[in-house]
Amino acid sequence: MPTNKTPQEKYEEELKQEEHDHLHKPTAAAMTNHILANIHTMHVKLHQYHWYVKGPHFFALHEKFEELYDENEEWFDKLAEVLLANGHKPISTTEKYLKYSSLKEDGADKYLSAERMVENLVDDYRVTRDLTTHTINMAGEAGQFVLEDTLIGYKDAIDKNIWMLQAFLGKETHEGDPAFETDEDDE
């Protein structure tokens, strides 16, 4: 049955549902919107680093950053489409990306050393990995198996990128990762 609601009325309903999904009992779909916001922030950062990287690693990192932002865009689209296919609304405005992203960007980052750019990306991937892991669990508990499976694939891609970027820095995969640090008193 067709609806006679205006686009503004439809959007206001969406905002009410979004507020409910975030404030009362966050859902896997709501948390996936936070992941989409992080992916959007990564899009900006990866392009900035791609354009501004300097130094002896320019050629390798210029190419790698492009590879990463292309991969990033594929996941951005894939996750949003899974939400849509399951009746959810992926966020789609810069205002919402800024509101829900747990990553930060800085215009001054274009002047960072190549190594510091890579370290920043590792940190961002780790934050997003942890959020994704939490969302995978939520999706599984809610029986949203397609979303869960897609998020597992995304997390696998993040884990690979962390490993590769850490290797570039001459570090072990989990070195410096708070999620994998152990308390010496516990040993």
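These notebook entries record what I looked up about salt bridges in a predicted model.

Entry 1, ground rules. I number residues from 1 along each chain as its sequence is written, and my side-chain values use heavy atoms, with hydrogens and water left out. As the model is predicted, local features need pLDDT of at least 70 and side-chain atom pairs count only at pLDDT 80 or more, whereas totals for chains, interfaces and linings use all residues.

I looked up salt bridges (a side-chain nitrogen of Lys or Arg within 4 Å of a carboxyl oxygen of Asp or Glu) and found that the structure holds 8.

Aspartate 124 belongs to helix 5 (residues 114-141) and lysine 45 to helix 2 (residues 28-52), so the pair ties together parts that are 79 residues apart in sequence; helices here are DSSP runs of H or I, at least four residues, numbered from the N terminus. Aspartate 124 and lysine 45 are both buried, that is, under 20% relative accessible area with a 1.4 Å probe and protein chains only.

I note its salt bridge with arginine 129 at 2.7 Å, N to O. Aspartate 177 lies in the segment after helix 6 (145-168) and arginine 129 in helix 5, so this pair ties together parts 48 residues apart in sequence. I list both residues as buried, and I also see Arg129 and Asp177 linked with Arg126 and Asp130 in a network of salt bridges.

Note on methods
Helices (H or I, at least four residues) and strands (E, at least two) are DSSP runs, numbered from the N terminus. Buried means under 20% relative accessible area, exposed over 50%, partly exposed in between (1.4 Å probe, protein chains only).
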